[in-house]
Amino acid sequence: MAAQLKRIVRSVVILSIGLSLQAAAQATLSQVWVPDLGNGSYKNPVLYADYSDPDVVRVGTDYYLTSSSFNSVPGLQILHSKDLVNWTIIGAAFQEQLPVAEFRLPQHGNGVWAPAIRYHNKQFYLYYPDPDRGIYVTRATNPAGPWELPKLIKEAKGWIDPCPLWDEDGSAYLVHAFAGSRAGFKSILAVSRLSADGLQVMGDDVLVFDGHARHPTIEGPKFYKRHGYYYIFAPGGGVPTGWQTVLRSKSVFGPYEDRIVMDQGKTTINGPHQGAWVDTPDGKEDWFLHFQDQGPYGRVVHLQPMAWKNDWPVIGEDPDGDGKGQPVLTYRRPRVPGPAQPLATPATSDEFSGPALGLQWQWHANPQLGWAFPNGPQGYLRLYAVPLLTDFKNYWQAPNLLLQKLPAERFTATTKLTFTPRFDGEKVGLIMMGLDYAYLSVTSHNGQWRIAQTTCHDADKLTLETGAAPLMIAAPASGTIYLRVQVSPGAKCRFSYSRDGKLFETIGPDFQAREGKWIGAKVGVFCSRIGKTNDAGNVDLDWWRITENGQ
């Protein structure tokens with residue numbers, strides 16, 4: 001009787017946990033893009049956001065994905081899925097990028113390039129390159145963290161895109177590519193020996209493939225072994241228009257045969273390449289996740305079926321049977337054990353009701369004390385007005401932009417905030433950030449508020465901002481205002497504001513969003529001021545909501 005009671009209690013607890021997790025997933029479910037069609041099929045992209053250069057590992061029945069984060073912090077975000085379609089963000093590998101002092105200001109396009117995630121000896125390994133410094137590795141027993149302090153295992157300018165392989169005999173190897181902008185040459189892949197624990201590069205670097213003739217700009221390699229063959233999956237042809245190359249050899253150091261196993265074909269999916277091969281827990285199905293460059297939307301992630309023919313992979317559908325696949329737009333979900341997974345998507349909206357920033361948020365540089373204070377019990381996030389640089393030209397230079405990836409082709413971002421300025425010139429803004437950027441801001445001036453849309457073109461060249469004369473309004477006693485940007489297909493943006501959250505007034509002309517340096521555009525908020533004092537005004541963000549129609 002006691003044993004039966006324990007089983008009943010255990011079943012109730014498990015059911016309760018399952019329902020809680022399902023409720024949590026539904027609470028963060030995107031209103032603008034859900035890839036799971038709910039009928040046993042999915043649509044691409046499975047991640048409609050800038051998870052550039054994705055890599056994935058399966059551990060048991062769980063899948064973990066990471067991607068390039070460049071200068072954004074927290075870096076190396078970790079996503080989790082049970083079925084390769086429904087994904088959630090569970091953590092990040094680091095909260096500060098190394099060297100800490102050097103990343104206190106934005107280094108657009110630098111930092112973390114294409115990473116690799118692997119599981120070995122009951123530990124997760126993350127290898128990532130800094131093209132100016134070398135190859136780093138960090139480890140964790142729980143992929144949600146904490147992760148070890150990244151260790152520089154190879155100091156080398158221009159080494160990029162590392163991926164390890166542990167062989168059956170315990171030997172370990174590392175494949176990588178070269179950045180032409182740093183190394184002075186590119187389009188080749190090399191393999192080095194690793195120590196058994198994966199924490200030390202050993203011996204000489206061996207050239208294993210030169211892609212200049214057939215696969216220019218080959219990079220982003222991923223290392224695997226199957227049926228006695230060593231495989232290197234690597235994209236060729238460049239980001240916008242390239243293809244997926246696979247190399248194979250019976251020897252880890254080659255020589256390698258090469259074959260194109262997927263390209264755009266007759267589809268609209270440009271440059272389908274660079275990603276990860278994984279299988280289902282029973283080993284009966286193979287899948288490939290890769291990115292597609294969508295300009296301002298970044299490099300979004302697609303899921304493709306994969307099959308093996310004569311020990312070569314074929315990715316996507318192969319209508320003419322030539323062994324070279326093309327991407328699918330819809331397909332049946334992977335067959336994984338257990339019941340169908342609840343719908344899930346990476347978080348976008350935020351009610352700011354927790355004790356920490358939501359995992360979707362990133363800064364453009366290492367965060368500093370005083371930028372942001374979560375106040376979960378009272379349901380807001382406080383940002384203090386951060387002084388602009390003394391040589392400020394535009395917000396390309398600002399480190400304290402709190403941003404997130406664009407979540408779909410069409411969406412509306414609205415935030416309710418309470419602005420409490422203490423000095424003239426303090427400003428809060430909702431910004432669409434990229435090489436070109438625009439923002440809608442409220443600035444304090446002689447007890448009034450200036451509301452204006454401001455635009456900057458070629459921000460990376462430190463050009464000056466432009467904008468029409470601001471609208472002057474009396475500062476509301478509550479300090480509350482709503483800021484909004486509506487994004488339509490093609491990443492065209494329209495800004496508006498509201499005093500009551502119901503009637504929104506458009507400000508300024510439509511703005512064409514543009515990608516950043518190796519990343520998509522990002523949307524978010526900032527609070528800034530000119531000059532330093534011994535105090536600062538602030539803005540309390542009540543909520544941030546991503547919706548389809550602005551409701």
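Strands here are DSSP runs of E covering at least two residues, and helices are runs of H or I covering at least four, both numbered from the N terminus. The model is a predicted one, in which local features need pLDDT of at least 70 and side-chain atom pairs count only at pLDDT 80 or more, while totals for chains, interfaces and linings use all residues. Residues are numbered from 1 along each chain as its sequence is written, and side-chain values use heavy atoms, with hydrogens and water left out.

By these criteria, residues 349–546 are 46% strand and 0% helix, and the end C-alpha atoms of this span lie 5 Å apart. An unreviewed UniProt entry places the feature "domain: Beta-xylosidase C-terminal Concanavalin A-like" at these positions.

An automatic or database domain assignment divides the protein into domain 1 (41–332) and domain 2 (361–547). Their C-alpha centres lie 34 Å apart. Contact between them (heavy atoms within 4.5 Å) takes 28 residues from domain 1 and 33 residues from domain 2.

Turning to the interface itself, the two domains bury about 2500 Å² between them, with 53% of it on carbon and sulfur atoms; this is the accessible area (1.4 Å probe) lost on putting the two parts together, summed over both. Of the area that domain 1 buries against domain 2, His108, Pro296 and Tyr297 supply 29%, more than any other three residues.

What is the count of salt bridges between domain 1 and domain 2? It is zero, taking a salt bridge as a side-chain nitrogen of Lys or Arg within 4 Å of a carboxyl oxygen of Asp or Glu.

Notes. UniProt positions renumbered as here; feature names shortened; annotations may be inferred.
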